[in-house]
Amino acid sequence: MTQPNRINRRRLLLALGLSLNLSCSLPAFAAPEKPDLKLGFIKLTDMAPLAVALERGYFEDEGLYVQLEAQANWKVLLDRVIDGQLDGAHMLAGQALAASIGIGTQAAMQTALVMDLNGNACTVSNAVWQQIAATVARNSDGKPQYPVSAEALQTALAAKTKQGEKLQFGMVFPVSSHNYELRYWLAAGGVHPGFYAPEHGDNSGQRQAEVLLSVTPPPQMPATMEAGTIDGYCVGEPWNQQAVLRDLGVPLVTNYDIHTNLAEKVFGVSQSWAERYPETHFHLVKALIRAGHWLDADNNANRAAAAKLISQPYYVGADEKVIANSMSGVFAYARDDIRATPDFNVFFRYHATYPYYSDAVWYLSQMRRWGQISEAKPDSWYQDIAKQVFQPALYQRAAKALIAEGKLSAADFPDFATETGYRPLDATRFIDGKPFDATAPNAYLKQFAIGLKDYTFANGKKMRGAQQ
């Protein structure tokens with residue numbers, strides 16, 4: 001479903017024969033090569049920057065006439081970006097990377113803007129919660145202590161084993177953050193989430209799995225869990241909060257607990273599109289930076305308005321109150337257990353919109369850890385792919401233009417004179433305490449008890465190693 005047709009102010013003025021000085025909004029920059037655009041999104045809270053950029057006129061300020069269109073699932077969205085039906089889209093960070101290296105689909109992709117950080121959670125059904133609740137630590141108020149370690153699932157795992165079955169969890173896409181976060185959380189609690197083995201024609205991701213993970217489209221997750229098809233899921237909002245509102249399940253952990261402040265969704269385009277329309281891409285990034293800034297401005301003061309905006313059926317189409325939970329800096333673990341989570345959704349602060357190479361390397365490391373990348377790679381390979389897909393130079397150009405126009409200030413952005421593209425080592429914390437150094441992904445992977453063990457490289461040659 002697309003948003004309703006809107007009369008564009010610029011086009012209305014032109015139709016009336018009135019003069020229009022585009023230099024007011026486009027000072028000293030080339031006009032977009034392609035002003036009429038169709039952009040895709042999935043019905044999730046973090047599509048908000050697209051809706052905000054449209055509704056607040058940021059696209060229009062850049063000479064862009066944008067139509068937003070909801071997509072059925074992530075595969076359809078990616079395919080339509082690749083074949084040109086969509087000019088760009090709200091996209092999984094891992095999706096742009098995976099396509100570029102040929103996981104699932106082979107197509108060179110790029111992103112010059114991260115749409116948000118965090119924003120996901122893992123929820124279990126009421127049946128699973130009843131099995132594990134007695135083992136979950138309690139705080140001084142007698143309420144569950146969150147986050148809950150995946151180790152708590154052992155009771156439910158044992159019950160399934162007696163029935164000759166395994167727990168089934170949904171995640172949104174094989175190369176989504178949700179898949180890697182769910183796997184990370186499970187493995188950190190000693191529960192094996194399974195391996196992919198594409199070299200053997202096995203892309204199920206369930207080899208050696210103690211819990212079976214499978215793809216479920218985000219809007220369908222609550223109903224799928226209610227039907228008993230899955231026992232839990234990892235998804236973005238508002239679908240965890242909807243499970244709470246409908247008394248279907250209990251969130252155990254947010255992805256902010258699993259890892260802090262890594263790229264979640266990006267604005268993705270094909271490399272061929274970026275090369276054909278560089279000025280259009282530049283103006284899109286400018287508009288989306290402004291949208292992210294508005295969403296986080298004044299300590300989230302605009303979030304209530306944003307929740308109302310995206311609750312409309314042609315955007316997310318969920319209850320405004322449900323959306324507002326996470327968007328306003330709180331998160332409901334139960335109807336009577338609502339806790340402050342100011343960084344559950346981050347759209348601009350912590351330089352959220354900047355496309356850090358280090359975030360790309362982390363996603364690639366998880367693809368290797370779980371076998372989607374079937375062969376060991378030297379550290380330099382990870383850096384090279386990150387720099388092919390993530391494009392901070394275009395972001396910096398857009399940011400500098402916004403500063404020159406007085407729309408944002410230099411203090412809103414990283415110091416571009418010293419920025420390397422790699423977050424500081426202490427910027428991202430993980431639930432298991434493992435440090436992540438993006439310059440040494442092979443050493444990083446060797447820290448884990450569960451996961452593929454990579455080889456050691458010297459002078460670009462594979463020297464030794466083992467796999468679990």
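Reader: Does glutamate 69 count as buried or exposed?
Author: This is a predicted model, in which local features need pLDDT of at least 70 and side-chain atom pairs count only at pLDDT 80 or more, whereas totals for chains, interfaces and linings use all residues. Residues are numbered from 1 along each chain as its sequence is written, and side-chain values use heavy atoms, with hydrogens and water left out. Buried means under 20% relative accessible area, exposed over 50% and partly exposed in between, with a 1.4 Å probe and protein chains only. Because its relative accessibility is 12%, glutamate 69 counts as buried.

Reader: Which residue forms a salt bridge with glutamate 69?
Author: A salt bridge requires a side-chain nitrogen of Lys or Arg within 4 Å of a carboxyl oxygen of Asp or Glu. For glutamate 69, the closest N and O atoms of the pair are 2.4 Å apart, and the partner is arginine 80.

Reader: How many residues apart in sequence are the parts that arginine 80 and glutamate 69 tie together?
Author: Helices (H or I, at least four residues) and strands (E, at least two) are DSSP runs, numbered from the N terminus. Arginine 80 and glutamate 69 form a salt bridge. Arginine 80 lies in helix α4 (residues 74-82) and glutamate 69 in strand β2 (residues 65-70), so the pair ties together parts whose separation in sequence is 11 residues.

Reader: Which residue meets aspartate 61 in a salt bridge, and how many residues apart in sequence are the parts that this pair ties together?
Author: The side chain of aspartate 61 meets that of arginine 290, with an N to O distance of 2.9 Å. Since aspartate 61 lies in helix α3 (residues 58-61) and arginine 290 in helix α13 (residues 278-300), the pair ties together parts separated in sequence by 229 residues.

Reader: What are the relative accessibilities of aspartate 61 and arginine 290?
Author: Aspartate 61 counts as buried because its relative accessibility is 19%. Arginine 290 also counts as buried, its relative accessibility being 16%.

Reader: What separation do the C-alpha atoms of tryptophan 273 and aspartate 87 have?
Author: Tryptophan 273 has its place in helix α12 (residues 271-276), and it counts as buried at 8% relative accessibility. Leaving aside residues up to four places away in sequence, tryptophan 273 touches Leu37, Asp87, Thr280, His281 and Leu284, where contact means heavy atoms within 4.5 Å. Although tryptophan 273 and aspartate 87 are 186 residues apart along the chain, their C-alpha atoms are separated by 7.4 Å.
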